[in-house]
Amino acid sequence: IIDYIDINYDYNNFDNLHRTKFLKSKAEVELHTKNLSKANECIENLIKFEEVNGQSVFCAEIFKILGMIRFEQSRYSEARNILNYSKELAIKCQNTYVYCEALLELAKLKYNLGQSSEAIEHLDEVIAKSSEYKLNNIVKNASIVLYEHYKENKQFELSLNYLEIFMRADEEIHSFKNMRLLAKLNIDHGEKELRLYNILYDKTDLLY
């Protein structure tokens with residue numbers, strides 16, 4: 001989809017906010033498909049664009065993505081500084097979601113560097129704050145890391161505790177999705193009943 005947009009649309013013609021959203025999304029896609037050079041190019045172009053046009057509401061998220069790219073490039077010191085900066089921007093913007101995401105990525109980085117105790121502190125904070133705001137996807141991502149950590153270290157009681165946190169968050173996500181689906185089914189059913197009623201009314205009117 002991103003390639004199609006690249007070929008068929010000139011994002012330079014987008015307004016500033018849509019251009020920012022496009023480049024941010026493109027950088028994330030390239031990052032998750034491990035195309036680091038393209039991801040880096042997108043995000044650096046975006047940072048230059050924001051320097052000229054002023055920081056958008058996505059500024060904290062942009063630096064979080066840059067930190068993730070640096071982590072994938074094994075530039076750990078830079079990644080740590082950038083993710084910390086992303087956290088600071090998220091606090092200024094009062095963006096709890098990005099704050100938790102940046103802290104989660106920072107925890108993964110520290111865990112990768114063997115700084116387990118600091119990583120665990122970060123992950124526990126992520127779970128506490130995300131649970132408070134019902135950010136269940138982030139709760140799942142943080143708790144599964146701790147589940148694996150404690151299982152690997154044969155601390156099975158703690159491992160089970162984080163597995164239960166993971167399962168509760170997962171259940172809430174599915175429950176919410178099911179509620180939305182049921183609401184949609186009820187609306188669809190109501191619309192069908194209404195259409196049927198209209199048809200019957202028209203036929204009765206015709207017979208009359």
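This is a predicted model: local features need pLDDT of at least 70, side-chain atom pairs count only at pLDDT 80 or more; totals for chains, interfaces and linings use all residues.
Local features need pLDDT of at least 70 and side-chain atom pairs count only at pLDDT 80 or more, while totals for chains, interfaces and linings use all residues. Residues are numbered from 1 along each chain as its sequence is written, and side-chain values use heavy atoms, with hydrogens and water left out.

The largest nonpolar core holds 49 residues. Such a core is a set of buried Ala, Val, Leu, Ile, Met, Phe, Trp, Tyr and Cys residues joined through side-chain atoms within 4.5 Å. Buried means under 20% relative accessible area, exposed over 50%, and partly exposed in between (1.4 Å probe, protein chains only). Leu31, Ile43, Leu123, Val126, Leu146 and Tyr162 touch the most other members. At least two core residues come from each of α2 (16-32), α3 (36-53), α4 (59-72), α5 (76-93), α6 (96-112), α7 (116-132), α8 (136-152) and α9 (156-207). Helix α4 gives the most, with nine. Helices are DSSP runs (H or I, at least four residues), numbered from the N terminus.

Contacts (heavy atoms within 4.5 Å) were listed without residues up to four places away in sequence. Leu31 touches Leu36, Ala39, Ile65, Met68, Ile69 and Glu72. Asn40 lies in α3. Asn40 is buried, at 14% relative accessible area.

Most residues other than glycine have a negative phi. Gln94 has a positive phi of about 55°. Gln94 sits in the loop between α5 and α6 and is exposed, at 73%. Lys134 has a positive phi of about 60°. Lys134 lies in the loop between α7 and α8 and is exposed, at 54%.
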